[in-house]
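Reader: I want the criteria behind the labels. Take me through them one at a time.

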Amino acid sequence: MDHSGHGMDGMNMDLPPFTLWRGLEFGGDPFFLVGCLLGLGLYGWAVIRLRRRGDHWPAGRIVAWAVGVLTVALVMCTRLNDYGMAMFSVHMVQHMVVSMLSPILMLLGAPVTLALRALPTAARGRKGPRELLVALLHSRYMRIITHPAFTIPLFIASLYALYFSPLFDFLMESRAGHIGMMVHFLAVGLVFFWPIMGVDPGPHRPGYVMRMLELFAGMPFHAFFGIALMMATEPMVDTFLHPPASLGIEALSDQSAAGGIAWAFSEIPSVVVLIALVFQWYKSEKRQSQRADRAADRNGDKDLADYNAYLASLNARGQ
C-alpha cells in the first residue's frame with residue numbers, strides 16, 4: 001500500500017520542512033482544543049466552588065492539572081498534529097507526551113478528589129453526578145480496568161500490538177483515526193498511572209513498594225520498543241514509508257529518531273513518578289508520626305504508663 005500522500009487527502013504533501021517554531025504554530029485539532037478548554041474550565045469551576053465555601057485546595061494541584069492539560073494542547077492543538085500525520089518522530093513525541101507525561105501531571109492534580117468535594121450531593125433517593133461518580137469508582141468495571149493485571153499488559157500492547165500490526169496504518173489513514181488513537185493513549189496512560197500515583201481514591205490502593213514495582217514493570221518495554229525502532233535496518237511502519245518530499249526527510253532516519261524519543265521518554269516519567277512517590281511516602285510517614293504524637297499527648301503517655309504497670313505486676317508476681 002502506498003502511503004505517499006496518505007491521510008487528510010494529501011494535505012501533508014506540501015508541509016514545509018519541520019522546525020520547532022513551525023510545529024508550535026496554532027492550528028491543531030478542534031476535538032482536543034474543546035476537550036482541553038473544558039478540562040481547564042471545569043477544574044477551575046470546582047476550585048472556585050470550594051474556595052467560596054471556605055475550603056482549601058492546594059495550589060500545587062492546580063498547577064499540575066493546568067500544566068498537564070496544556071501539554072496535551074501543546075502536541076494536539078498545534079501544527080505538531082499535522083506533522084505527526086507525516087513524520088514518525090513527531091508522532092512519537094505526541095504519543096509519549098499524551099500517554100506518559102500528561103497523565104502523570106493531570107493525576108497529580110487530583111481531579112477525582114476535587115470532583116467528589118465540589119459536586120453537590122443529590123437529594124435523598126436521587127442520583128446526581130456525585131453519586132454516579134461514587135458508583136463508578138466502586139464498580140466492578142473500574143476494579144478491572146485499574147488492576148495491574150489489566151493495565152500493565154494494556155500499556156505494553158498499546159506499543160507493540162498497535163505499531164507492529166495493520167491496525168496502526170488503518171487508523172492513520174484518517175484524521176479521525178489519528179485522534180481516536182491519541183484519545184486511547186491518554187486513557188491508557190491515566191488508568192496505568194492512577195493506582196501508581198495514588199493521589200485520587202480508586203479501587204486499588206497498593207503500598208508504596210508495590211506501586212514502584214508496577215511502575216518498573218511497564219517502563220522497560222518502552223525502552224525495548226524504542227531500541228527496536230532505532231536498530232531496525234528498514235522502515236517498520238507503512239504509514240511513514242514515503243514521507244512527503246517537501247519535508248526533506250528519509251524514512252529510516254526519521255524512524256530511528258522516533259525510537260530515540262520512545263527510549264528517552266521511558267526514563268522521564270519514571271523519575272517524575274519516583275520523586276512524587278517518595279514525597280508522598282515521606283508525607284504519609286510524617287502524618288502517622290504526628291498522629292502518634294498527638295495520641296500520646298492526649299493520653300498523657302497512658303500506653304507507656306500501662307506498660308510500666310504491667311511490668312511492675314509481673315515483677316511483683318515473681319517475688
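Reader: What makes the largest pocket a pocket, and what is its volume?

Author: The largest pocket has a volume of about 1,100 Å³. The search runs on a 1 Å grid over the protein atoms alone; a cavity is a set of points where a 1.4 Å probe fits but cannot get out, while a pocket is an open set with protein on both sides within 12 Å along at least five of seven lines. Grid points are joined across faces, edges and corners, and the volume is the space filled by probe spheres set on the points.

Reader: Which residues line the largest pocket closest to its centre?

Author: Trp65, Met106, Pro111, Val112 and Leu190 are the closest to the centre, out of 33 lining residues. A lining residue has an atom within 4 Å of a point. H2 supplies the largest share of the lining, 10 residues.

Author: A note on the source. This is a predicted model, where local features need pLDDT of at least 70, side-chain atom pairs count only at pLDDT 80 or more, and totals for chains, interfaces and linings use all residues. Residues are numbered from 1 along each chain as its sequence is written, and side-chain values use heavy atoms, with hydrogens and water left out.

Reader: How many helices and strands are there, and what makes a run count?

Author: The protein has 14 helices and zero strands. They are DSSP runs, numbered from the N terminus: helices are H or I with at least four residues, strands are E with at least two.

Reader: How do you know that the span of helix H12 agrees with its length?

Author: The expected span is 1.5 Å times one less than the number of residues. H12 has 24 residues (208–231), so it should span 34 Å; its end C-alpha atoms are 35 Å apart, which agrees.

Reader: Why is histidine 91 called buried?

Author: Buried means under 20% relative accessible area, exposed over 50%, partly exposed in between (1.4 Å probe, protein chains only). Histidine 91 is at 0%, so it counts as buried. It lies in helix H5.

Reader: Is phenylalanine 221 buried, exposed or partly exposed, and why?

Author: Its relative accessible area is 32%, so phenylalanine 221 is partly exposed. Its place is in helix H12.

Reader: What makes Phe221 part of a nonpolar patch?

Author: Nonpolar side chains (Val, Leu, Ile, Met, Phe, Trp, Tyr) are joined within 5 Å. Phe221, Phe224, Ile227, Met230, Met231 and Trp263 form this patch, with about 620 Å² of accessible area together. H12 gives the most, five residues.

Terms used: Patches are made of residues with over 30% relative accessible area and no salt bridge: like charges are joined within 9 Å, nonpolar side chains (Val, Leu, Ile, Met, Phe, Trp, Tyr) within 5 Å. Accessible areas come from the Shrake-Rupley method with a 1.4 Å probe; for residues, only the protein chains shown count as cover. A salt bridge is a side-chain nitrogen of Lys or Arg within 4 Å of a carboxyl oxygen of Asp or Glu.
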